[in-house]
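Colleague: I would like to learn how to read salt bridges and pockets in a model like this one. Could we go through them in turn, with the general idea ahead of each case?

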Amino acid sequence: MRLNYVESGAGDAPVVLLGSSLGVTHAMWAPQIDVLAERFRVIAFDHRGHGESEVPPGPYTIDDLGGDVVELLDTLGVEQASYVGISLGGAVGLWLAENAPERFHRFALLCPPAWPAAGAQMWTDRAATVRAEGTQAITELTLGRWFLPDFTSTDAIREQLLNTPDEGYAACCEALGAMDLRDKLADITAPVLLVTAEQDASIPPETVIPLATAIPGAHLEIIENAAHLVTYTHPDVINPLLLAHLS
Ligand SMILES: O=C(O)CC1=CCC(=O)O1
């Protein structure tokens, strides 16, 4: 699977991978990339079905999405990296922490779903809607969940949602609807920073807070006055947390 990625920072610095949310691309990490690139070789990638990555027909599984990241490390010749992921990218991070621990130093997982808390049917229905009507059918609803009303700089994220391939989006919905990453949380050995946003309507705090108890040694941060896409809206809070955890 060929994943698209952009690379920043010194080539000999420790590697940090950035995994994005559903329906957007590596460009969502714009508020983090330059800051992290002062200390790290930053590799922001597009999940399969997203951005400039390949778009095989779905359904995809969380094993597919996690396996793609391990394959990307192999392609780059990187033995070990740290990983930062939000939302779908956070779920992929949980899979990597459980299934490829030897390839990773540390994880920062923001608003990560570990199982389909809103029900598998919700994801099946959303996949069907997007296959029938395109991502334009879910774009404004998604922005309403991802941002509080007072955050209005949403044009770039809207564009990314509208431009995401319909099949890629739908197939990732099917991965989210079919996964359950809870069984192996206790086996995670890497240091994990978990972040939840107080007003996250997509992945509510009550579904993330228990992960902090289930993952040995995990550190939890709850961001106030924030909704789902907290990296985008609150870089002043998130970037120092990432630097402190990854350094
Ligand atoms: O689309 C949403 O609001 C919810 C979501 C779950 C995983 C993800 O990336 O977004």
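Modeller: A salt bridge is counted when a side-chain nitrogen of Lys or Arg lies within 4 Å of a carboxyl oxygen of Asp or Glu. This is a predicted model, in which local features need pLDDT of at least 70 and side-chain atom pairs count only at pLDDT 80 or more, while totals for chains, interfaces and linings use all residues. Residues are numbered from 1 along each chain as its sequence is written, and side-chain values use heavy atoms, with hydrogens and water left out.

Colleague: How many salt bridges does the structure hold, and which residue meets R131 in a salt bridge?

Modeller: In general, side chains of opposite charge can pair when their charged atoms come close. The structure holds 8 salt bridges, and in one of them R131 meets E167 at 2.7 Å, N to O. R131 belongs to helix α4 and E167 to helix α7, so the pair ties together parts 36 residues apart in sequence; helices here are DSSP runs of H or I with at least four residues, strands are runs of E with at least two, and both are numbered from the N terminus.

Colleague: Is R48, which forms a salt bridge with D68, buried or exposed?

Modeller: Buried means under 20% relative accessible area, exposed means over 50%, and partly exposed is in between, with a 1.4 Å probe and protein chains only. R48 is buried, as is D68, and their closest N and O atoms are 2.7 Å apart. By contrast, R131 counts as partly exposed because its relative accessibility is 36%, and E167, at 26%, is also partly exposed.

Colleague: Where are the residues that line the largest pocket?

Modeller: On a 1 Å grid over the protein atoms alone, a pocket is an open set of points with protein on both sides within 12 Å along at least five of seven lines, and lining residues have an atom within 4 Å of a point. Points are joined across faces, edges and corners, and a volume is the space filled by probe spheres set on them. The largest pocket holds about 330 Å³ of space; of its 25 lining residues, M122, W123, R126, S202 and I203 are the closest to its centre. Helices α4 (120-133), α5 (136-146) and α7 (166-178) are the elements that give two or more residues to this lining, and α4 gives the most, with 3.

Methods:
1 Å grid on protein atoms, 1.4 Å probe; cavity = no way out; pocket = protein on both sides within 12 Å on 5 of 7 lines; lining within 4 Å.
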